[in-house]
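Notebook open, model loaded. I wanted to go through pockets, helix packing and aromatic pairs.

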Amino acid sequence: MRSTDYSWDERTGADAGRLWAGGAATALVAAGVALVAVMVMHRLLHAPLISPGGLRQSADYAMVAFPIAAALVTLIATALLHLLMATTPSASQFFTWIASLAMILVVLQVFLDDHKILTQVETAAFYFVIGIAIISPLLGVSRTAVRHRRHQDYRENHPAEYRNDYRDDYRNDPRSYR
């Protein structure tokens, strides 16, 4: 008998606890990456950051606002991933597309304001790094937060010698199994 002879009823779903634990850990990572990136931008490069509204942000404001925003965006992305895992096939592929398009929109909006090109490129790189820090771990979480439920029916699809009731046959005629 081959393994392909079995009748499998396989259903997958999101393991919500595992998914949200991974999302919370990713939110902490994204907040940390945002904090380090703000420090690098302001303290090492002495470069201003442009907020999504087009305003330049002071270092003190940016060190609080960007990590909190990164954590909140990560939790929203986790909710989107959970919705996709519950409703669509190939959820991680759709999540990658949606999250990447959102990240590209945020990066491109930096270039819509009248600032120095160097400031725009630095800020775009800042947003790109945070986007990667959000998308990449959530993709890993989506792969490990899948619950497989399988049900295999032996009795309907296989003859008596493969069923669990072979013991009854043995009790009736033990010589038949020698």
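I started with the second largest pocket, which has a volume of about 180 Å³. For my own record, a pocket is an open set of points on a 1 Å grid over the protein atoms alone, where a 1.4 Å probe fits, with protein on both sides within 12 Å along at least five of seven lines; lining residues have an atom within 4 Å of a point. The volume is the space filled by probe spheres set on the points, which are joined across faces, edges and corners.

This is a predicted model, where local features need pLDDT of at least 70 and side-chain atom pairs pLDDT 80 or more, while totals for chains, interfaces and linings use all residues. Residues are numbered from 1 along each chain as its sequence is written, and side-chain values use heavy atoms, with hydrogens and water left out.

Back to the second largest pocket: I noted 12 lining residues, with Met-85, Ala-91, Ser-92, Ser-142 and Val-146 nearest its centre. Strand 1 (8-14), helix 3 and helix 4 each supply at least two of the lining residues, and strand 1 gives the most, with 3. I took helices (H or I, at least four residues) and strands (E, at least two) as DSSP runs numbered from the N terminus. By class, this lining has 5 nonpolar, 6 polar and 1 charged residues. Here Ala, Val, Leu, Ile, Met, Phe, Trp, Tyr, Cys and Pro count as nonpolar, Asp, Glu, Lys and Arg as charged, and the others, Gly among them, as polar.

Next I looked up the largest pocket, at about 550 Å³. It is lined by 23 residues, and Ala-69, Val-73, Val-106, Ile-130 and Ile-134 lie nearest the centre. I found 20 nonpolar and 3 polar residues in that lining, and no charged ones. Helix 2 (59-87), helix 3 (91-109) and helix 4 (117-144) each supply at least two, with helix 2 giving the most, 9 residues.

Then helix packing. Helix 1 (residues 16-44) and helix 2 pack at about 155 degrees, axes 8 Å apart; I used axes fitted to C-alpha atoms over the stretch in contact, with angles from 0 to 180 degrees between N-to-C directions. That makes helix 1 roughly antiparallel to helix 2 (the label needs an angle over 145 degrees). I sorted the residues of this contact into 22 nonpolar, 6 polar and 2 charged.

I checked helix 1 against helix 4 too: their axes come within 9 Å and cross at roughly 160 degrees. So helix 1 is roughly antiparallel to helix 4 as well.

Last, how many aromatic pairs does a search of the whole structure find? I got 3, counting rings of Phe, Tyr and Trp (its six-membered ring) with centres within 6.5 Å. Phe-66 and Phe-126 form one that is edge-to-face (planes over 60 degrees apart), at 5.1 Å centre to centre and 80 degrees between the planes. The pair links distant parts of the chain, since Phe-66 sits in helix 2 and Phe-126 in helix 4, 60 residues apart.

Technical notes:
Parallel < 35°, antiparallel > 145°, perpendicular 65-115°, else oblique. Phe/Tyr/Trp six-rings, centres within 6.5 Å; stacked < 30°, edge-to-face > 60°.
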